[in-house]
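Colleague: I would like to learn how to read a structure feature by feature, with the general idea given before each case. Could we go through one together?

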Amino acid sequence: MDRVVTDGVLAVIALATFGGGLLAAGAPLSVPSVALGGLGTLLFEAIAFRHSELVRQYWERPTVQVGTLVGAFVIVGVGIAVAPSRLLSAGIGALVTYLLVLSIALTVIARS
């Protein structure tokens, strides 16, 4: 359960960064891009689920977690400069979907 909470905290930090980037750029939220980001997360999670032990081995490394968060910050910076509405909206969609997946995982863990 601690792992899910840590993942959630990291996702919320990244989501706040993407949302802040969208506000800073003054760009509108792109609904198609939000949907595409959410779909990307579902696809990634389906693949990761099939290889959960390997994914866990890598993800539990603090350097991977910090590197991923730094990567999110870089994507926000690039998104603001290049295509804020599309890139940042896709990131928001991906992160909101990921938080929903985590909430389902927490529910399943709590019930078992």
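Modeller: Let us begin with the salt bridge, which is a side-chain nitrogen of Lys or Arg within 4 Å of a carboxyl oxygen of Asp or Glu. Before using it, please note that this is a predicted model, in which local features need pLDDT of at least 70 and side-chain atom pairs count only at pLDDT 80 or more, while totals for chains, interfaces and linings use all residues. Residues are numbered from 1 along each chain as its sequence is written, and side-chain values use heavy atoms, with hydrogens and water left out.

Colleague: How many salt bridges does the structure hold?

Modeller: There are 3 salt bridges. In one of them Arg56 pairs with Glu53, and their closest N and O atoms are 2.8 Å apart.

Colleague: Where do Arg56 and Glu53 lie?

Modeller: Here we need the word helix, meaning a DSSP run of H or I with at least four residues, numbered from the N terminus. An α-helix has 3.6 residues a turn, so residues three or four places apart point the same way. Arg56 and Glu53 both belong to helix H3 and are 3 residues apart, about one turn of the helix.

Colleague: Which partners does Glu60 have?

Modeller: Glu60 forms a salt bridge with Arg3, with the closest N and O atoms 3.2 Å apart. Glu60 lies in the loop between helix H3 (52-59) and H4, and Arg3 in helix H1, so this pair ties together parts that are 57 residues apart in sequence. Glu60 also forms a salt bridge with Arg56, where the closest N and O atoms are 4.0 Å apart. Through shared partners, Arg3, Glu53, Arg56 and Glu60 are joined into one network.

Colleague: How should I read whether such a residue is buried or exposed?

Modeller: Buried means under 20% relative accessible area, exposed means over 50%, and partly exposed is in between, using a 1.4 Å probe and protein chains only. Glu60, at 41%, is partly exposed, as is Arg3 at 39%, and Arg56 is partly exposed at 30%. By contrast, Ser89 in helix H5 has 0% relative accessibility and counts as buried.

Colleague: What is Ser89 in contact with, leaving aside its neighbours within four places in sequence?

Modeller: Contact means heavy atoms within 4.5 Å. With those neighbours left aside, Ser89 is in contact with Leu22, Pro28, Leu29, Ser30, Ser33, Val34 and Pro84. The buried residues of H5 pack against helix H1 (2-25), helix H2 (31-50) and helix H4 (62-82).

Colleague: What is the angle between H4 and H5?

Modeller: Axes are lines fitted to C-alpha atoms, for helices over the stretch in contact, and angles run from 0 to 180 degrees between N-to-C directions. H4 and H5 pack at about 150 degrees, with their axes 7 Å apart. Angles under 35 degrees count as roughly parallel, over 145 as roughly antiparallel, 65 to 115 as roughly perpendicular and the rest as oblique, and H4 and H5 are therefore roughly antiparallel to each other. In this contact, Ile75, Val76, Gly79, Ile80 and Val82 of H4 meet Pro84, Leu87 and Leu88 of H5.

Definitions and conventions: Helix = DSSP H or I, 4+ residues; strand = E, 2+ residues; numbered from the N terminus.
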